[in-house]
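Morning, everyone. I'll walk you through one structure today.

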Amino acid sequence: MTTTEIESPDSKIETFPPAGKKLLEARGLNVWFTGQNGERKHVVKGVDLELRAGKCIALVGESGSGKSVTARSLVGLAGDNAIVAADALELEGETLLGRSDSWWRRVRGSRIGFILQDALVSLDPLRPVGREINEALSLHGWGTRQMRRDKVLQTLTEVGVPEPELRARQRPGELSGGLRQRALIASAIALHPDIVIADEPTTALDVTVQAQVLGVLKQMLARGTSVILISHDLAVVAKLADAILVMQDGEIVEAGPSSQVLSRPQHPYTQQLIDAIPSEHTKGTRLSANDGVFTHQLFAPSASPLFLHEAPLLEARNVVKGFKGPDGIRRTVVKGVSFSLGRGETLGIVGESGSGKSTVARIALSLETPDSGEVRFLGEAWSHATPAEQQKIRKRIAVVYQDPLSSFDPRWRVSRILTDAITLGDPKHASRARNRAAELLETVGLTAAHLDQWPLRMSGGQRQRVAIARAIATNPEVIVLDEAVSALDVSVQAQILDLLSDLQTQLGVSYLFISHDLGVIHHMSDRVLVMQNGIAVEQGTADEIFYNPKHSYTQKLLESLPRLEYAKLRLAASSR
Amino acid sequence: MTDVTTDIRPAAGRAGLVSRLAIVRVPVSIVLSALAVLFFVIAAAAPSVLSTHSAFDTDLLSSLTPPAADHWLGTDDIGRDLYSRIIWGTRGSLLIGVGAMAVAFAGATVLGFTAALAPKWVAQPINRILEILLAFPTLLLALLFVALLGPSATSLLISVGLGTTPGYARLIRAQTLKVKQSGYVEAARALGHPWQIVFIQHIAPNAFRPLVGLVALGIGQSVVWASGLSFLGLGVAPPSPEWGALLEAGKASITVAWWLEIFPGLAIVLVALSFTQIGQYIQDLAEGNAR
């Protein structure tokens, strides 16, 4: 069930605020958090919003913008250390301020449904999902036992769960990501609340699963439920929202009908958010506003890119790799993948979770040895080389992981992380190591002042810059980027992608770019390899893959992708 | 909550254990425990500073005196001052505790790292043996070693140490396995560090980090076990004022001289409690620090 057609959320003439009965209203909403040492942090600053019947409004912003706190304040879940104040905070005329826990328990679930981001952590892992939904009903004293049982199945059907009788008896861990998220939605809407607040409902999901979940939300809207959608992803929002509120640092910087916000953004921050989204249209352009970071010539210019007779830098031939699961059964995760990576080139590997793309990354790094097939580096043995030979090649192939923090020893500061990579245990580099570390930091857009910082206290973007600095410390020829920008906010992601492009121009380094994000892959890659269930289903230049996909799976992936451009085009067409 | 705030903020933002100790409020129980440990350490290092009488001089005229101004904790059946005997006995008891812990950790480190990192054909047998040993109660295991080595202070130390080794070995193994799979170990391998360097720089220190508190905890435990064995007559022989031996000696006169059992027992409890408190506290800090 993939509702993939992209429609304008509302083809009627839009008004702002949208017409209809006013359900939920906040005027001058402020939230403060009290820290351990008693200092207050102002996280939501005078937010105004209103939700009318049957409409969808979206709160968009990056992490730390206060969008989740705003949403949680609307359901009384801002937290014990939060101080919530507002000129007016009303649900159908009733104030929401100063309500008791028991009052909230009656309201949540019956009048306002709240859908959380990650079903895996939000659902009790030991409880069948049917019981979870049943509890949502019985908490509000709804119906008899038999009625509730029927209602559970009916709700699961409503959210598009096939075989509801079977699924209701299964635990969250036995369900796929998409079914799990739909079960979570089912528990939130079982009592048909008029309002549903969805906090990043699709963030942890693969693109095809995301399309399914968005379809469910769309049907809820069609049935007259009002939705507040919280997301960092403008493309997701474009598919559903009637109105968009853009938040930055706790304030709403722009609010208006979706078509207007997306096509004629007034605030520079909104424009920046839209520009930062990588896609096929942004290839070769800069995503972030800042210029390149090169101030001085740090590296010897890379040799001429023309190595016509040179063997490919990395070449994988028919690589197969399996692992033994906890149940003792051996599963093949990579089933005969071949690729080659030339100098200065970017090969994108795209696939959904479980497609085997991360295992391919580990094999390319020779951290796993393939069961059959092999990987060669410049024509020499690499995956099947002796440890001593591998040692020599390792510094020529670097890696950047999705979560930089876990790839840093928690006992080390930035300086130690970098000098360790620079010296690699060789004392003759030790004297210059600190200076060189400072230079590397400047190359990646940080300053020497960051040398003495703890990664734990840095922002996600800064950490990823440190990880990139470490990767280029050994002057590698290949960098494997394993979901390197997936955990970042879109504007930070834009900066990191720009940095990677700059580095490639400057250093002539090749990237093996692994990501689940099709837009990022298209923006970065020269050639693309599409993986599904351990098989490379399609391989070709980025434009071939994205504009003329041959394999049905690639086509399905591309169809599921919410694309801002399409939404904008549709909106433009409908307003004409 | 009554907290003693020792707020010595370091100038720079150090996030190490030391600075954590400085920034957080240190609970009163930890301050008291630290004072108790300090007292016993002084008693062990220089007993004459704290003692009021000789630990060995007999004074038959004042035998079995109850606690009084002259003899703070009373005297035993041949008139020796109990307080001074406890002070003089501290060194023996603490040394056995610390020594046993050292033996246990040394053994556990070797076994734990091997069980986690060695090839399967080495690691598997070690794991099975550790599992079998874990099935025996610690005291029983220690008794077994005493029986093999004969009763003496040294054999007590070794026995208690070996008796507690399997438990610590399993902990170190589990920690090592966890660290081995961490991102930074993989990152170090990908950088091209040989495995010895990866082990010394990353695996060993990070595997030990959450276990530092266990050392203090273990010392307290070992003192209790060593005293227990001495009480059973399997440790230090009578003229020595080791605490377990004091308990053993006082057993005969327990109906007329309660203090001979109560005070040495309290000393053992106090040491065990203080070390456990401090160990638990360090443990919490280390875990809080390690994300």
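Into which domains is chain A divided? Domain 1 covers 119–192. Domain 2 comes in two stretches, 314–396 and 476–571. Domain 3 covers 409–475. Before I go on: this is a predicted model.

Back to the domains. How far apart do the C-alpha centres of domain 1 and domain 2 of chain A lie? They are 37 Å apart.

Next, the sheet in chain A. Find the 6 strands that form an open sheet. Their order is β7-β8-β9-β3-β10-β11. The pairing is mixed. As a reminder, strands of a sheet pair through backbone hydrogen bonds, and they do so either parallel or antiparallel.

Which strands of chain A sit at the edges of this sheet? They are β7, residues 112–115, and β11, residues 251–257. Each of these edge strands in chain A pairs on one side only. From one strand to the next, the twist averages 15°.

Now zoom in on one pair. Strand β8 of chain A spans residues 195–199, and strand β9 of chain A spans residues 226–231. The two run parallel, and 5 bridges join them.

Over to chain B. How many helices and strands are there in chain B? There are 12 helices and 2 strands. Of the 291 residues in chain B, 42% are buried.

What about contacts within chain B? Take those between residues at least 6 apart in sequence. Of these, 66% join residues at least 24 apart.

Last stop: where the chains meet. Chain A gives 21 residues to the contact, and chain B gives 19 residues. On the chain B side, α8 (183–191) and α9 (195–208) each supply at least two residues. Which element gives the largest share of that side? It is α8(B), with 7 residues. By class, the side of chain B that touches chain A has 9 nonpolar, 7 polar and 3 charged residues.

That's the tour. Over to you for questions.

Key
Residues are numbered from 1 along each chain as its sequence is written. Chains are lettered from A and ligands numbered from 1 in the order in which they are written. This is a predicted model: local features need pLDDT of at least 70, side-chain atom pairs count only at pLDDT 80 or more; totals for chains, interfaces and linings use all residues. Two residues are in contact if their C-beta atoms, placed from the backbone, lie within 7 Å. Helices (H or I, at least four residues) and strands (E, at least two) are DSSP runs, numbered from the N terminus. Ala, Val, Leu, Ile, Met, Phe, Trp, Tyr, Cys and Pro count as nonpolar, Asp, Glu, Lys and Arg as charged, and the others, Gly among them, as polar. A residue is buried if 20 or more other C-beta atoms lie within 10 Å of its own, exposed if 12 or fewer, and partly exposed in between; C-beta atoms are placed from the backbone. Two strands pair if DSSP finds at least two bridges between them. Axes are lines fitted to C-alpha atoms, for helices over the stretch in contact, and angles run from 0 to 180 degrees between N-to-C directions. Domain bounds come from an automatic or database domain assignment.
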